[in-house]
Amino acid sequence: MELLNKTLNGLKKRLQKDNTLYIQHTEGLIYEVTCNFKEPAAEKAIKLFENQTGFTLPQDYKEFLMLHNGANLLYTPRYGDGIELFSLEYTLEVYESWKHYEMFERNLFAIGTCRDGYLLIDADLCKPNPNREGNYMYWYTEGGSEEDAKPLYTNFELWLDRIIAAQGDDYWNWSIFSADNYYKYK
């Protein structure tokens, strides 16, 4: 929980009294963003989610939920863009809806939105692990197929640390643009 706490506390220290801060994205774009954190989830709510879905939530994600049952991070009101981490109740609603439409064969469920896509956890890759090892996070753009769910090669707390350090930018795509091809597509 040390990394999770350091990440959240570092972000909260940078916030102004009105929960805003300025961030710089790639290409020198500056945004004023807001961050809002929801109240903690009760342990009973976490157990209820696990019982209803049959999934065991990863420890680092559970620890986040016990601090904040959802959040809006680095949200730009002007553009309606940012990171939304769902409450457990909304995560369950999305899961039930996707299950109804048989969106995925694997046990993937959405925990939030980010950069025009969904943040997913692969429940099959979540094993009780005190060392926090295991890469179970995916990013998925709506309308794609299950094969389009892109592995992020990380767990929740490491993803959160990186996305905040990247100031909300989709750091997992940075290596796609090299000096050889960046200017061709701009």
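## Helix 1 against helix 5

The axes of helix 1 (residues 2-14) and helix 5 come within 9 Å, crossing at roughly 25°. The model is predicted. Angles under 35 degrees count as roughly parallel, so helix 1 and helix 5 are roughly parallel to each other. Their crossing is left-handed.

On the helix 1 side, the contact uses L3, L4, T7, L8 and L11. Helix 5 answers with F156, E157, L158, L160, D161 and I164. By class, the residues of this contact between helix 1 and helix 5 are 8 nonpolar, 1 polar and 2 charged.

## E157

E157 sits in helix 5, which spans residues 156-165. Is E157 buried or exposed? E157 has a relative accessible area of 5%. Buried means under 20%, so E157 is buried.

## Helix 1 against helix 3

Helix 3 covers residues 59-67. The axes of helix 1 and helix 3 come within 10 Å and cross at roughly 40°. That angle makes helix 1 oblique to helix 3. The crossing here is right-handed.

L4, N5 and L8 of helix 1 meet D60, E63, F64 and L67 of helix 3. This contact of helix 1 with helix 3 holds 4 nonpolar, 1 polar and 2 charged residues.

Definitions and conventions: Residues numbered from 1 in each chain as written. Predicted model: local features only at pLDDT ≥ 70, side-chain atom pairs only at ≥ 80, totals over all residues. Heavy atoms only, no water. Helix = DSSP H or I, 4+ residues; strand = E, 2+ residues; numbered from the N terminus. Buried < 20%, exposed > 50% of the residue type's maximum accessible area, 1.4 Å probe, protein only. Axes fitted to C-alpha atoms, helices over the stretch in contact; angles between N-to-C directions. Parallel < 35°, antiparallel > 145°, perpendicular 65-115°, else oblique. Left-handed = near helix turned anticlockwise from the far one by under 90°. Contact = heavy atoms within 4.5 Å. Nonpolar A, V, L, I, M, F, W, Y, C, P; charged D, E, K, R; others polar.
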